[in-house]
Amino acid sequence: MTSNRQWVLDHYPEGAATLDTWRMIDAPIPEPGPRQILVKTLWLSLDPYMRGRISPAKNYTAGVQPGGVMHGGGVGEVVASNHPDWKVGDIAESMNMNWQEYAVLSTEHVNRVPKEVPAQASLSWLGMPGLTAFIGLTEIGRPLPGDTVVISAASGAVGQVAGQIATLMGARAIAIAGDDEKIEHCRSIGFADGINYKKEPDLTAAVARVCPDGVDVFFDNTGGPIHDAVLANLAVRARVIICGRIAVIDKAPSEDIGLRSSARLIVTRATVQGLVIFDWWHRRPDALKHLAAWHREGKIQFKEDVLDGFERVPEAFLRMMSGQNQGKQLVKL
Ligand SMILES: NC(=O)c1ccc[n+]([C@@H]2O[C@H](COP(=O)([O-])OP(=O)(O)OC[C@H]3O[C@@H](n4cnc5c(N)ncnc54)[C@H](OP(=O)(O)O)[C@@H]3O)[C@@H](O)[C@H]2O)c1
């Protein structure tokens with residue numbers, strides 16, 4: 001192989017991304033520099049935050065410029081190494097694998113993939129999404145036994161793990177998701193109940209029905225109408241984790257201002273806290289140790305949705321953004 005296929009950003013999308021948001025190019029396979037490794041991509045992770053990286057809007061980190069290789073995390077096999085700690089054949093995970101078949105990586109941003117689990121676990125329950133669920137619940141939501149914890153996008157990468165951790169903490173986890181198969185999956189992994197938000201004509205009433213004592217912890221992965229419906233049902237001293245806003249991320253700010261929830265926040269004395277998982281990276285080793293132990297003990301299960309082939313990476317991203325994924329969206333190369 002001499003060629004390195006890459007997906008580059010063609011233009012910033014207005015509204016939802018489409019297949020022509022990216023184009024594929026052939027580039028030479030790069031050479032690793034001093035203390036760098038060359039990695040052949042085996043798996044790519046498709047995550048909602050990537051939508052923010054293909055926008056000119058200011059964000060918490062720099063985005064991809066048109067013509068640049070699309071950003072993304074992945075797992076790969078080391079095929080050349082100029083670093084004494086890394087040898088050919090090692091399996092590496094990096095948030096900077098990007099949408100390409102080969103990547104040169106500086107090893108300070110690379111994690112070793114544990115041998116005991118499938119390599120792609122490092123992109124899901126044993127990686128960034130699992131860490132997000134762990135920190136959101138143990139540091140911000142802090143449910144007490146018997147509390148009601150509502151989780152949106154509940155059957156996805158973050159949501160599945162969050163629901164199971166809430167259950168392990170003795171809380172009653174409630175799933176909100178967009179189809180019956182997703183709700184069924186959430187029930188099968190321990191959520192106490194669920195709401196298919198696409199079937200409920202009055203979502204606020206549906207949350208009230210399933211959470212008669214109010215919502216003590218809300219793990220908000222979507223923003224938008226689900227956010228409004230749950231905020232209307234907060235219990236006194238509720239904790240709200242603002243993790244994601246996939247429901248409104250394709251919209252201009254003026255298109256969706258939502259309900260004004262300040263009255264409810266005053267009445268309930270609720271705490272609302274935004275989460276950017278990179279602020280908590282120092283907690284990664286400890287969090288992953290807990291997640292690995294729970295998984296070994298059979299307390300955490302996880303569903304993946306895998307498409308095959310590098311050609312299908314943009315399709316996989318659109319599939320995940322539109323909610324067609326059943327579990328963590330991955331592409332296997
Ligand atoms: N703050 C952080 O540091 C951090 C870190 C990781 C992830 N996140 C956020 O966490 C959220 C979940 O990420 P993930 O990787 O676990 O993704 P995911 O849940 O595996 O996939 C995205 C899901 O979002 C839901 N969705 C799409 N459009 C929606 C809409 N209009 N209204 C409601 N739900 C919609 C879909 O599920 P349904 O069928 O249920 O609608 C879709 O399956 C995202 O918002 C992401 O940005 C934040």
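How many Å separate the centres of domain 1 and domain 2, taken over C-alpha atoms? In this predicted model, the separation of the two centres is 28 Å. Domain 1 is made of two stretches, 3–124 and 304–332, and domain 2 covers 128–278. Twelve residues from domain 1 and 15 residues from domain 2 take part in the contact between them. On the side of domain 1 that touches domain 2, seven residues are polar, three are nonpolar and two are charged.

The ligand is surrounded by 31 residues, and the closest are Gly156, Gly178, Gly244, Ile277 and Gly323. Two or more residues of this shell come from each of helix 2 (128–141), helix 3 (157–168), helix 6 (224–231) and strand 15 (328–332). Helix 3 contributes the most, with three residues. Sorted by class, the shell holds 15 nonpolar, eleven polar and five charged residues. Because domain 1 and domain 2 both give residues to the shell, the ligand lies between them.

Helix 9 spans residues 313–321, and its buried residues are Val313, Pro314, Ala316, Phe317, Met320 and Met321. Viewed down the axis of helix 9, these residues fall within an arc of 160°, so they line one face of the helix. In an α-helix there are 3.6 residues a turn, so residues three or four places apart point the same way. The buried residues of helix 9 pack against strand 1 (3–9), strand 2 (22–28), strand 3 (36–45), helix 1 (50–53), strand 14 (304–308) and strand 15. Glycine 323 follows helix 9 and has a positive phi, near 80°. This glycine is also among the residues closest to the ligand.

Note on methods. Residues numbered from 1 in each chain as written. Predicted model: local features only at pLDDT ≥ 70, side-chain atom pairs only at ≥ 80, totals over all residues. Near = placed C-beta within 6 Å. Helix = DSSP H or I, 4+ residues; strand = E, 2+ residues; numbered from the N terminus. Nonpolar A, V, L, I, M, F, W, Y, C, P; charged D, E, K, R; others polar. Domains from an automatic or database assignment. Contact = placed C-beta atoms within 7 Å. Buried ≥ 20, exposed ≤ 12 C-beta atoms within 10 Å, placed from the backbone. Arc of directions from axis to C-beta.
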